[in-house]
Amino acid sequence: MSDPFLIGDSLSGGYGRGVDILHSCTISVNEGEIAVIVGPNGAGKSTAMKAVFGMLDLHEGSVSLGGEDISHLSPQDRVAKGMAFVPQNSNTFTSLTVEENLEMGAFLRRDDISGTMAQVYELFPALREKRRQTAGELSGGQRQQVAVGRALMTQPRVLMLDEPTAGVSPVVMDELFDRIIEVARTGISILMVEQNARQALEIADTGYVMVQGRNAFTDTGEALLADPEVRRSFLGG
Amino acid sequence: MDLLNAIVAFANFVVLPAVSYGSQLALGALGVTMIYGILRFSNFAHGDTMAFGAMATILGTWWLQAMGVSLGPFPTALLALPAGIAGTAALVLLTDRLVYRFYRERKSAPVILVIVSMGVMFVTNGLVRFVIGVDEQRFADGARFIITAREFKELTGLREGLAIKSTAMLTVVVAIIVVALLFWFLNRTRTGKSMRAFSDNEDLALLSGINPERVVMITWIMVAALATIAGVLYGLDKSFKPFNYFQLLLPIFASAIVGGLGNPVGAIAGGFVIAFSEVTITYAFKKVAGYLIPAWEPQGLVQLLSTDYKFAVSFAILIVVLLFRPTGLFRGKAL
Amino acid sequence: MTLKPRDMTLFLAVLALIAATGFLQSWNVALGILNMGLVSAIMALGVNMQWGYAGLFNIGVMGFLALGGLSTVIISKPPVVEAWDAGGPRVIFALLVGTAAIVAAILAWKRMPVGKARASALVAVLVAGFFVYRWLFDPAVAAIEAVSPARAGNLGGLGLPVLIAWPVGALLAAGAAWVVGKTALGLRSDYLAIATLGVSEIIIAVLKNEDWLSRGVKNVSGIPRPVPYEIDLQNSERFVERVSGLGFDPVTASTITVKLAYAGLFLAVLLLLLWLAQAALNSPWGRMMRAIRDNEVAAEAMGKDVTARHLQVFILGSAVCGLAGAMMTTLDGQLTPSSYQPLRFTFLIWVMVIVGGSGNNFGAVLGGMLIWYLWVMVEPLGVALIGGITAGMPDGFWLKAHLLETAAHMRLLTMGLILLLVLRFSPRGLIPER
């Protein structure tokens, strides 16, 4: 296998001059695959993803995308390079309509965005009906769809999702995971932090179990689900 | 007939003045609300920005008048307006570069920016006084009235006249055009939408590649235009006196807060709510009452509050809104 | 906290500036600056309590000062007996009825169940109260204002010694602050700012228009003094003998003596307040205030009643401003409602606090004296500067005439620049909080 498409290699660092939260942590994802970061609360899952996205002060390790070292780039520049990030909270423009949310996602693009928008509406048909409504009026699950849709509008090569299913019902969660698989099939790599470890690992090509800012287990999703130690410690038996 | 006379008197002394005053407040409040929505602080220098804009336009008007340029029935100030806006935009952009940007980059607390805006207020105020002095300046020319009270009486045969000042009409027309342009810009253009997005969720706007400095720059330019237009219209309608603009600060903020800080529709609604209340409550209804109830000969002026207390009206409305609906009539915050 | 050598140097420098004015210009001017500087220092102390201790943004300082000014009229002017006979009790009664209506409305709102009935009751009480109030109030005011309007036209005061007006001024301001604080504290900081700005404008409007109370724009002059009059000193043989013996001109000596007497009074009040303010700041109460200011959420989580503490400090600070306002009007000897301008009486005080060092009482005092000195001196300095710049220009040149004419407005520009520069380069002020 060739080098992974996106890799954060042995990352160590924290916020500002505070103590290190990550300790030589490695996260990577291959083209068109789904990588999932799971672990107990406070393990540094979201922090690891933010580190890959350049929102952390690293003093060790490097991040590269498609073979290019992007460690020194700001998050905004990484967006321009083809990384899209969906934060866990306030991930939509609540006072803008659904369509305007999508347009803002494509703010950096100068070409015709109608094709991408049609694809997003195809992926999330509910959004097409509600495209004139403000995002704040939508249900939690639909707002997550808007958030993912906004990120897809940049035509990213990597989509990073920070706990996309937080606070949505199990049915909506399954639905959202299905859509995420669909997105991955179009060739977009997905890096995702998830609280619902079991379901997430079921769709994961690669899974990272993190404990206290370190990689504890790394394997395919299937293998991790089968690993008795992982099951006992992190999946509740 | 008396009912008609009462209506005309009411329209002449309450509705018309309130509509033009309301338009001026609305334009002022739009500027305040935009700064609040994008830069996230209450700009106490706004009244003085309006004074500066009006002053720059007045200087341009005088120059044009000296050159013998005139717009016929329209005030020459309209021609000088673009130059006034450009001058004010230059001033606010310079202020942003020299003063506000520093605090923005350090992510200072909003209250610090408010205090900073106090300093800017002093400087701008001093600048205006330095250039044009503290005295009243008249710069309105062109036709005074669209229809005078006498003409109206002759036309309708009523005892009451309805005088439509051309500046009042101009105020309303210009305000409508400006507001329409503003909403078109905010809702239909990419830049306008990016400003609303920035105002709504700054972090997500950054993630979407929206350039904050550009948004801030465009905001200042628009605020300069709004402030200058509001200042000039107020000056044409009443008269230009630097201190008056400082005093407008209270009704303007009241308008913006009553409508919901950061909400442009709210700012406009707030402007009219404040203006109508101020004018209605301080109007002496003796005449109107005389027409409606001929048998009643009121002793006083039938005035709820003396005009000297018009601040109290904006203030009372403000307090009521703050107590019962702190986010304003139209939920505030985002543009 | 004690003063560091550096702080002492700053205080000495300001005193030296004032002394230099005395040597170079005249001691009358210098003492004038000193007296108003002392009063300004007290104003700055008041604002510093609100902003520096608690982070409350009050831009209605002017209103509280004016209430203090009003108290000197109410306390020290002799009553106008005819006016009292004409309508005094009725005005008082009308005010009581008005207050009762508001209290009734608030009680109705608090006691009645939520619903349409409550809202209608509220409106009904307020509307009925307003009309009854006006029905009582208007004729009484007309009667009072008709009493020899050129001389009086107002109710006058209680005819008590003017010094009593100082604490009363503080009480008046505290009362107003209680009302403002009850409504606007607990809301966002900009809302408190706008509310205080509004209240101060309304207070000034009342002073300007309620002739029965404050004679409005006709001003109240001849407010009794707590110190002797110059003319009495000049007529006192003992005084003339003594100063002549020391080799002074009796007229100059009398004015200087009066100013020194004021200075002594003001200094005594300032030192007392400073001592109290320091004690408060270093007490558990002061530490709690600062804790609340630095992290309101955490303080609230620890069970501190943030709004109640804010109300407390807001009232205290406003009371100090009221006291300073009464002192200022006493010094002026007259109440001129139209002279109250927000730039001078609200925002300039803010410049004093920020430049001096917010959160530090000594800083506020230093800022008050220094900024007052600059406020007075910038105008002649500006004129001199412009004079120098324009010296080379030919007479009759329009720019020269314009510059000379507008040089007086340099003040606001300079104050704004000082504020901006301090905020930018030394945001903690000359004597920072520690």
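A residue counts as buried if 20 or more other C-beta atoms lie within 10 Å of its own, exposed if 12 or fewer do, and partly exposed in between, with C-beta atoms placed from the backbone. Keep in mind that this is a predicted model: local features need pLDDT of at least 70, side-chain atom pairs count only at pLDDT 80 or more, and totals for chains, interfaces and linings use all residues. Residues are numbered from 1 along each chain as its sequence is written, while chains are lettered from A and ligands numbered from 1 in the order in which they are written.

**Figure 1. A loop residue of chain C, C:Arg151.**
Look for C:Arg151 in the loop between helix 5 (116-146) and helix 6 (165-184) of chain C. (Helices here are DSSP runs of H or I with at least four residues, strands are runs of E with at least two, and both are numbered from the N terminus.) Is C:Arg151 buried or exposed? C:Arg151 is exposed, because there are 10 other C-beta atoms within 10 Å. For a sense of scale, C:Gly32 sits 29 Å from C:Arg151, C-alpha to C-alpha, and the two are 119 residues apart in sequence.

**Figure 2. The two domains of chain C.**
Chain C is split into domain 1 (5-79 + 156-425) and domain 2 (80-155), with bounds that come from an automatic or database domain assignment. Their C-alpha centres lie 33 Å apart. Where they touch, seven residues of domain 1 are in contact with twelve residues of domain 2; "in contact" says that the C-beta atoms of two residues, placed from the backbone, lie within 7 Å. The domain 1 side of this meeting place has three nonpolar, two polar and two charged residues. (Ala, Val, Leu, Ile, Met, Phe, Trp, Tyr, Cys and Pro count as nonpolar, Asp, Glu, Lys and Arg as charged, and the others, Gly among them, as polar.)

Chain B has 13 helices and two strands. Its radius of gyration is 21 Å, close to the 20 Å that the globule rule gives for 335 residues, so chain B is as compact as a globular protein of that length. (That radius is taken over C-alpha atoms, and the rule is 2.2 Å times the number of residues to the power 0.38.) The C-alpha trace spans about 70 × 55 × 35 Å along its principal axes, and 50% of the 335 residues are buried. Zoom in on helix 1 (residues 2-39): its 38 residues reach 53 Å from first C-alpha to last, close to the 56 Å expected at 1.5 Å a residue. (The expected span is 1.5 Å times one less than the number of residues.) Where is the kink in helix 1 of chain B centred? The kink, of about 40 degrees, is centred on B:Ala11; a bend is the angle between axes fitted to the seven residues ending at a residue and the seven starting there. After helix 1 comes B:Arg40, with a positive phi near 65 degrees.

**Figure 3. Where chain B meets its neighbours.**
Of the two pairs of chains that touch, B and C have the most contacts. Here 33 residues of chain B are in contact with 33 residues of chain C. Helix 4 of chain B gives the largest share of the chain B side, 14 residues. That side divides into 24 nonpolar, seven polar and two charged residues. Turn to chain A, and 13 residues of chain B are in contact with 17 residues of chain A. This time helix 7 of chain B gives the largest share of the chain B side, five residues. Chains A and C share no contact, and their closest C-alpha atoms lie 20 Å apart.

**Figure 4. Two loop residues of chain A.**
A:Glu163 is found in the loop between strand 7 (158-162) and helix 7 (170-185) of chain A. Its phi is near 45 degrees, a positive value in a residue other than glycine. A:Glu163 is buried, with 21 other C-beta atoms within 10 Å. A:Gln212 lies in the loop between strand 9 (206-211) and strand 10 (214-219) of chain A, and its phi, near 50 degrees, is positive too. With 13 C-beta neighbours inside 10 Å, A:Gln212 counts as partly exposed.

Conventions. Expected span 1.5 Å × (residues − 1).
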